[in-house]
Amino acid sequence: MSIETFDPNANILTLTDAAVKHFTDSLAKAKGDYVRLGTEVTGCSGYAYMLDIVSEIAAEDTVIEPSPGIKFAITPEALPLVRGTEIDMQQLGVNFTVKFNNPNITGECGCGESFTVV
């Protein structure tokens, strides 16, 4: 048995190559400067991710650049929930979806729209 502990030095976010392409294209199309990542209390499991392309951010947001030219502004509430998360783009049939590979999740709802953390 192994015990995982919170690593305060872990990368906040990493992006796969597919996610880099997606966010590069999204920022160019929307003419935004940041991908703003937040969470909200919702759904049957607890939290849901909120992504927006924005030009202005809140003073309390944490700004990181997980890939050159892609800046994320993470809300204070979301920061501890997403630390260590890898963001990917997955194709399901003809649709693409952002996939969060979050090591902090302890459970998800059946539809995958919300998640629980300890």
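Reader: Which residue in S7 is the bridge partner of Asp-88?

Author: In this predicted model, Asp-88 is bridged to Lys-99 of S7.

Reader: What makes S6 and S7 a pair of strands?

Author: Two strands pair if there are at least two bridges between them. S6 and strand S7 (residues 95–101) have 7 bridges, in the antiparallel sense, so they count as paired. Their hairpin has 2 residues between the strands, and Gly-93 takes a positive phi near 70° there.

Reader: How do you know that S1 pairs with S6, and in which sense?

Author: The cut-off is at least two bridges, and 3 bridges join strand S1 (residues 13–15) to S6, therefore the two are paired. They run parallel. Leu-15, for one, has Ile-87 of S6 as its bridge partner.

Reader: Why is Gly-84 called partly exposed?

Author: Its relative accessible area is 31%. Buried means under 20% and exposed means over 50%, so Gly-84, at 31%, falls in between. Gly-84 lies in the loop between helix H2 (79–82) and strand S6 (85–92).

Reader: Which residues does Gly-84 touch, beyond those up to four places away in sequence?

Author: Gly-84 touches Asn-11, Ile-12, Asn-101 and Pro-103. The C-alpha atoms of Gly-84 and Asn-11 are separated by 5.5 Å, although the two residues are 73 residues apart along the chain.

Reader: Which residues have the most contacts inside the largest nonpolar core?

Author: They are Leu-13, Phe-23, Leu-37, Phe-72, Ile-74 and Ile-87, in a core of 21 residues. Elements that each supply at least two residues of this core include S1, helix H1 (17–30) and H2. Ile-74 is in contact with Leu-13 and Leu-37, among others.

Note on methods:
Residues numbered from 1 in each chain as written. Predicted model: local features only at pLDDT ≥ 70, side-chain atom pairs only at ≥ 80, totals over all residues. Heavy atoms only, no water. Helix = DSSP H or I, 4+ residues; strand = E, 2+ residues; numbered from the N terminus. Buried < 20%, exposed > 50% of the residue type's maximum accessible area, 1.4 Å probe, protein only. Contact = heavy atoms within 4.5 Å. Core = buried A, V, L, I, M, F, W, Y, C linked by side-chain atoms within 4.5 Å.
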